[in-house]
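Welcome, and thanks for opening your viewer. Let us walk through this structure stop by stop, selecting one part at a time.

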Amino acid sequence: MSGALLRAEGVVAGYRPDSPILHGVSAEVGRGEVVTIIGPNGAGKSTLVKAIAGLVAVSDGSIRLAGNEIANTPAHRLPARGVAYVPQTDNVFGTLTVHENLRLGAAPLPRRAAARRFDAAYAAFPVLGERRDRKAHVLSGGQRQMLALARALVPEPELILLDEPTAGLAPRVAAEVLALVRGLAARGVAVLMVEQNARAALGVSDRGYVLVEGRNRLEGRAAEIAANADLGAVFLGRRPPVRRPAPRAGAG
Ligand SMILES: Nc1ncnc2c1ncn2[C@@H]1O[C@H](COP(=O)(O)OP(=O)(O)O)[C@@H](O)[C@H]1O
Ligand SMILES: [Mg+2]
């Protein structure tokens, strides 16, 4: 995609300089696009989003945002560059209220601008508005994910990185969260998410990447990846088809 907002190319990254986890991974996300990364446990999916989020050292390759290099930009500088990151766990402060959690996302904003963003957050996530003075630890898992999303959106990022936003959620709640993710893209945000819940995630995605052992294995339209028989067996929790489907008459 020539106009990609995020372009990661040949990223080599890891937790120790002598043993990289990512061995030259590439991925792109355009504005208004939802892109999902799937792959087996330990493939390096979280490491990739952490590398983009400035939390893992990048030793080779490039990560460009709107053409500007952001590799190895410290994580705390990225919100001002338009990048938000929601880790898989511990992504809200349980002892703070919903509203206090949102305020953490607004730290650099002038008071009046922040107030408008909070109004927008409660409009987008009414369930949070109803609970704004509750401590986050009393929220359900789905509500906590929504709070983590809402907080990440307060600075109005151009790119949001989500690590397994549906982990631990019941299927119906997971679908609700994924629908909200899709809605972000409809507002022009670029979304890069990692998901174990591959089939549901691909269902709201435009494109997908499969990572295996720190390398790109496959990429394509989300529907094509979801329909890939071999991947189905490995990642999507279903068996390969016994026969190939007959070509559709008059398709295309
Ligand atoms: N903080 C860490 N320090 C050292 N190694 C790590 C750390 N986090 C993950 N790893 C290793 O990096 C590899 C990829 O992990 P990860 O990116 O979390 O995989 P995935 O998200 O695809 O399951 C694994 O071998 C894992 O053990
Ligand atoms: Mg992970």
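Start with helix α6 and show its surroundings: the buried residues of α6 pack against β6 (83-86), α3 (98-105), α4 (111-124), α5 (126-129), β7 (159-163) and α7 (171-186). Packing here rests on contacts, meaning C-beta atoms, placed from the backbone, that lie within 7 Å. Helices (H or I, at least four residues) and strands (E, at least two) are DSSP runs, numbered from the N terminus.

A word on what you are looking at: this is a predicted model, in which local features need pLDDT of at least 70 and side-chain atom pairs count only at pLDDT 80 or more, while totals for chains, interfaces and linings use all residues. Residues are numbered from 1 along each chain as its sequence is written, and chains are lettered from A and ligands numbered from 1 in the order in which they are written.

**Stay on α6**

Select residues 141-153. How far apart are the end C-alpha atoms of α6? They are 18 Å apart, which agrees with the 18 Å that 13 residues should span at 1.5 Å a residue; the expected span is 1.5 Å times one less than the number of residues.

Now colour by burial. A residue is buried if 20 or more other C-beta atoms, placed from the backbone, lie within 10 Å of its own, exposed if 12 or fewer, and partly exposed in between. In α6, 12 of the 13 residues are buried, so the helix is largely enclosed by the rest of the structure. Among them are Gly-142, Arg-144, Met-146, Leu-149 and Arg-151.

**Zoom out to the whole chain**

Of its 252 residues, 43% count as buried. Among contacts with a separation of 6 or more, 65% are between residues 24 or more positions apart.

**The six-stranded sheet**

Next, pick out the open sheet of 6 strands, in the order β6-β7-β8-β3-β9-β10, with mixed pairing. Two strands pair if DSSP finds at least two bridges between them. At the edges stand β6 and β10 (215-221), each with a single partner strand, so one side of each is left without a neighbour in the sheet. From one strand to the next, the twist averages 15°. Helix α6 packs on this sheet, touching β6 and β7, and its direction makes about 165° with that of β6. Axes are lines fitted to C-alpha atoms, for helices over the stretch in contact, and angles run from 0 to 180 degrees between N-to-C directions.

Strand β9 (residues 207-212) runs antiparallel to β10, joined by 6 bridges. Val-210 has Leu-218 in β10 as its bridge partner, and Leu-211 stands opposite Asn-216. The hairpin of β9 and β10 has 2 residues between the strands, and there Glu-213 takes a positive phi near 50°.

Then click on Met-193, in strand β8 (residues 190-194). Is Met-193 buried or exposed? Met-193 is buried, with 26 other C-beta atoms within 10 Å. Leaving aside neighbours within four places in sequence, Met-193 is in contact with Thr-36, Leu-162, Pro-165, Val-181 and Ala-201. The C-alpha atoms of Met-193 and Glu-164 are separated by 6.8 Å, though the two residues are 29 apart along the chain.

**The four-stranded sheet**

Now select the open sheet of 4 strands, ordered β2-β1-β4-β5, with antiparallel pairing. Here β2 (22-29) and β5 stand at the edges, each with a single partner strand, so one side of each is left without a neighbour in the sheet. Strands β1 (residues 6-14) and β4 (residues 57-65) are joined by 7 bridges, one of them pairing Ala-8 with Ile-63 in β4. Follow β4 into β5 (residues 68-69), joined to β4 by 2 bridges; Arg-64 stands opposite Glu-69. In the turn of this hairpin, Ala-66 has a positive phi of about 50°.

**Last stop: ligand 1**

Which residues surround ligand 1? They are Tyr-15, Ile-21, Gly-39, Asn-41, Gly-42, Ala-43, Gly-44, Lys-45, Ser-46 and Thr-47, where a residue is near if its C-beta atom, placed from the backbone, lies within 6 Å. By class, this shell has 3 nonpolar, 6 polar and 1 charged residues; Ala, Val, Leu, Ile, Met, Phe, Trp, Tyr, Cys and Pro count as nonpolar, Asp, Glu, Lys and Arg as charged, and the others, Gly among them, as polar.

Key:
Two residues are in contact if their C-beta atoms, placed from the backbone, lie within 7 Å.
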